[in-house]
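Reader: Could you take me through this fold, starting with what your terms mean before we get to any residues?

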Amino acid sequence: MTSHTSSGYVDKVTINQKTYTGREVREKLSLPSSCFQIQFSSKGYTFITQGNGHGVGMSQYGAQGMALENKDYQDILHHYYQNIEIESIDS
C-alpha cells in the first residue's frame, strides 16, 4: 500500500507489514526523488521516479545553474516560489 502527499510525493509505503516514509525508501534505495511509483512484475519491483530532490521546492543544482547564468537570488527565488514578495526585515 502506498499513500501520497497532495503534491504527488510518496508519504508512506507499507512493505511486508512494515511502514516506511517516502524519504526512507528514497534514501535506502538511493532514488533521486521521493516522487515515485512502484511496479511489480515477474522479474521483481521497478521504481519509477519523477524529478530529483526532496520535494521542498528548490533544486540546489538548478539554483546553482541559474547563478552561473548570472541570475541573482531574487530571480532564483521567484523561479522556484511563484507569487512571493521579498522584503527586508528591520531588526
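Author: Gladly: two strands count as paired if DSSP finds at least two bridges between them, and strands (E, at least two residues) and helices (H or I, at least four) are DSSP runs numbered from the N terminus. This is a predicted model, in which local features need pLDDT of at least 70 and side-chain atom pairs count only at pLDDT 80 or more, while totals for chains, interfaces and linings use all residues. Residues are numbered from 1 along each chain as its sequence is written, and side-chain values use heavy atoms, with hydrogens and water left out.

Reader: Which residue in β3 stands opposite Ile15?

Author: That is Lys18, and Lys12 stands opposite Thr21, also in β3. Strand β2 (residues 10-15) pairs with β3 in the antiparallel sense over four bridges, and in their hairpin, with two residues between the strands, Asn16 takes a positive phi near 50°.

Reader: And how many bridges join β1 to β2?

Author: Three bridges join these antiparallel strands, with Thr2 opposite Val13 in β2. Their hairpin has five residues between the strands, and Gly8 in the turn has a positive phi of about 95°.

Reader: What is the strand order in the open sheet?

Author: The order is β1-β2-β3, with antiparallel pairing. Because β1 (2-4) and β3 (18-21) are at the edges and have a single partner strand each, one side of each is left without a neighbour in the sheet. The twist from one strand to the next averages 15°, where axes are lines fitted to C-alpha atoms (for helices over the stretch in contact) and angles run from 0 to 180 degrees between N-to-C directions.

Reader: Which strands does helix α1 touch?

Author: Helix α1 (residues 22-29) packs on the sheet and touches β2 and β3, its direction making about 85° with that of β3; contact means heavy atoms within 4.5 Å.

Reader: Switching topic, how do β4 and β5 pair?

Author: β4 and strand β5 (residues 44-49) pair in the antiparallel sense over six bridges, forming a hairpin with two residues between them. Phe40 has Tyr45 in β5 as its bridge partner.
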